[in-house]
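Opening the notebook on a new chain today. I want to go through the fold first and then a handful of residues.

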Amino acid sequence: VKASITTIWATIHQFSNYPKWIKRLKSAKVYEVSNNSAYVHFTATHWLLGKTQWYVKHNFPRLDQLNEKRWGAWVLDYRHQSDFYDAVGFWQVKTIHDQPNVSEVIYSVDLQLKEGTPAFIQRAAIKKGLK
């Protein structure tokens, strides 16, 4: 990505803009912040899954810690009922050697829908999530 790690992490932290960037994502509302954690309630619609909601705890580096931490991870906030059985993921952002304004961005997600959901629907949901 042609951007510094600071710019990329600042963009990742902009949860309120996610619905503008991600098709079918209807809302992303931060409902709690503590230390390096941001808790976000997401809602989306999909022709196959219908309306879904999920609550996520993001553990991302603060913008003043970017030189120390290059990873950010997220899991469901199990204190709330989500429409997914489980979801986890991470971001890794690091500078490309000798190119301070070019970064490598790695994103990973794994999603498990409620029991009884056909495997092909689960694979389709993960593929859409990666896009």
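Pairing first, as I need it for everything below: I call two strands paired if DSSP finds at least two bridges between them. Helices (H or I, at least four residues) and strands (E, at least two) are DSSP runs, numbered from the N terminus.

Ground rules. This is a predicted model, so I keep in mind that local features need pLDDT of at least 70 and side-chain atom pairs count only at pLDDT 80 or more, while totals for chains, interfaces and linings use all residues. Residues are numbered from 1 along each chain as its sequence is written, and side-chain values use heavy atoms, with hydrogens and water left out.

**Entry 1: overview.** I looked up the elements and got 3 helices and 6 strands in the protein chain. From the N terminus they run α-α-β-β-β-β-β-β-α. Of the 131 residues, 36% count as buried; buried means under 20% relative accessible area, exposed over 50%, partly exposed in between (1.4 Å probe, protein chains only). I also checked contacts (heavy atoms within 4.5 Å). Among those with a separation of 6 or more, 37% come from residues 24 or more positions apart.

**Entry 2: the sheet.** In what order do the 6 strands lie in the sheet? I read β1-β2-β3-β4-β5-β6, an open sheet with antiparallel pairing. β1 and β6 are the edges: each has a single partner strand, so one side of each has no neighbour in the sheet. On average, neighbouring strands are turned by 20° against each other, direction ignored. For angles, axes are lines fitted to C-alpha atoms, for helices over the stretch in contact, and values run from 0 to 180 degrees between N-to-C directions.

Entry 3: I counted 8 bridges joining β1 to β2, which run antiparallel. Ser27 stands opposite Thr43 in β2, and Val33 stands opposite Ala38 in that strand. β1 and β2 make a hairpin with 2 residues between them, and Asn35 in the turn has a positive phi of about 50°. On to the next pair: β2 and β3 are antiparallel over 10 bridges, and Thr43 has Gln53 as its bridge partner in β3. Why do I note β2 as largely enclosed by the rest of the structure? Because 9 of its 10 residues are buried.

Entry 4: Thr52 lies in β3 (residues 50–59). Thr52 is buried, with a relative accessible area of 9%. Setting aside neighbours within four places in sequence, I find Thr52 in contact with Phe42, Thr43, Ala44, Asp83 and Phe84.

**Entry 5: β5, β6 and the loop.** β5 and β6 run antiparallel and are joined by 12 bridges. One of my spot checks there: Trp91 has Tyr107 as its bridge partner in β6. His97 sits in the loop between β5 and β6. Is His97 buried or exposed? I get exposed, with a relative accessible area of 66%. The side chain of His97 makes a polar contact with that of Asp98 at 3.0 Å. A polar contact here is a pair of N or O atoms within 3.5 Å; within protein, one must be able to donate a hydrogen and the other to accept it, and residues adjacent in sequence count only if both atoms are side-chain atoms.

Entry 6: Which residues of α1 are buried? My list is Ile5, Ile8, Trp9 and Ile12. They cover an arc of only 95° around the axis, which puts them on the same side of α1; the arc is that of the directions from the helix axis to the C-beta atoms. What covers them includes α2 (18–21), β4, β5 and β6. Last, the largest nonpolar core, which has 25 residues: Trp9, Ile12, Tyr18, Phe42 and Trp54 touch the most other members. Such a core is a set of buried Ala, Val, Leu, Ile, Met, Phe, Trp, Tyr and Cys residues joined through side-chain atoms within 4.5 Å.
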